[in-house]
Structures are given as C-alpha cells and as structure tokens.
Amino acid sequence: MRFDQEKALEIVSSPPVVWFILGLVLLFFAVVSIILVYHWRKYGSKSKHIAFAEIVYFPVALVFIGISVFALIMYSTL
C-alpha cells in the first residue's frame with residue numbers, strides 16, 4: 001500500500017479540518033489562559049509586571065485569534 005501524499009494534503013487542508021484544528025487551538029488557548037489568570041491572581045497580584053502582562057495578553061491574543069478566523073473565512077470561501 002502506497003501513501004498518497006497529494007490526497008493526504010487535500011484532506012488536511014480542507015476547510016472543515018482546518019476549522020477543527022483552529023477549534024482545538026482555541027480550546028488549548030482557553031485552558032492556558034485560565035491557568036495563567038489563576039496564577040496571576042494567586043501569586044502575582046501586587047506585581048506591576050503581572051498587571052502589564054494581564055493588560056497586554058488578552059488584547060494581543062484576541063487580535064491574533066481574529067486574524068486567524070478572518071484568514072480561515074477567506075480560505076473557506078475560495
């Protein structure tokens with residue numbers, strides 16, 4: 001049995017598979033974010049560096065998520 005590389009690439013790059021992968025990435029992001037916020041609140045509540053990290057982390061992450069979703073929407077409509 002021979003591995004058909006073109007067929008595998010076609011399956012992996014299909015929009016439903018890419019949406020599923022993005023969903024898994026966003027789930028991982030949510031879990032990591034919950035852990036980070038917990039640690040920031042519990043162990044670093046008085047630090048200026050932690051306060052700055054909290055202020056920067058979510059807006060930057062939301063921009064990247066928005067760009068990813070927009071790119072995937074554009075890819076799906078091709």
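1. A quick definition before the aromatics: rings of Phe, Tyr and Trp (for Trp, the six-membered ring) pair if their centres lie within 6.5 Å, and the planes count as stacked under 30 degrees apart, edge-to-face over 60 and tilted for the rest. By this rule the count here comes to three aromatic pairs. One of them is F29 with Y57: the ring centres sit 5.9 Å apart and the planes are at 25°, so this pair is stacked. F29 belongs to helix α2 and Y57 to helix α3, so the pair ties together parts 28 residues apart in sequence.

2. Some housekeeping. This is a predicted model, where local features need pLDDT of at least 70, side-chain atom pairs count only at pLDDT 80 or more, and totals for chains, interfaces and linings use all residues. Residues are numbered from 1 along each chain as its sequence is written, and side-chain values use heavy atoms, with hydrogens and water left out.

3. Back to Y57, which also pairs with W40; that pair is edge-to-face, at 5.6 Å centre to centre and 85° between the planes. W40 lies in helix α2 and Y57 in helix α3, so here the parts tied together are 17 residues apart in sequence. Taken as a group, F29, W40, Y57 and F58 form one aromatic cluster.

4. How covered are these rings? Take buried as under 20% relative accessible area, exposed as over 50% and partly exposed as in between (1.4 Å probe, protein chains only). W40 is buried, with a relative accessible area of 10%. F29 counts as partly exposed at 22% relative accessibility, and Y57 counts as partly exposed at 21%.

5. S33 is worth a click while you're in there. This serine lies in helix α2, which covers residues 15-43, and is buried, with a relative accessible area of 5%. Contact means heavy atoms within 4.5 Å; leaving aside neighbours within four places in sequence, S33 is in contact with Y57 and F58.

6. Now the helix pair itself. Axes are lines fitted to C-alpha atoms, for helices over the stretch in contact, and angles run from 0 to 180 degrees between N-to-C directions. Helix α2 and helix α3 (residues 48-76) pack at an angle of about 175°, with their axes 12 Å apart. By class, the contact of α2 with α3 has 20 nonpolar, three polar and two charged residues. In that scheme Ala, Val, Leu, Ile, Met, Phe, Trp, Tyr, Cys and Pro are nonpolar, Asp, Glu, Lys and Arg are charged, and the others, Gly among them, are polar.

7. Overall layout: the protein chain has three helices and zero strands (DSSP runs numbered from the N terminus, with helices H or I of at least four residues and strands E of at least two). The radius of gyration is 18 Å, well over the 12 Å that the globule rule gives for 78 residues, so the chain is more spread out than a compact globule. That radius is taken over C-alpha atoms, and the rule is 2.2 Å times the number of residues to the power 0.38. Along the principal axes, the C-alpha atoms fill a box of roughly 60 × 30 × 15 Å.

8. Buried residues make up 8% of the 78 residues. Of the contacts with a separation of 6 or more, 63% come from residues 24 or more positions apart.
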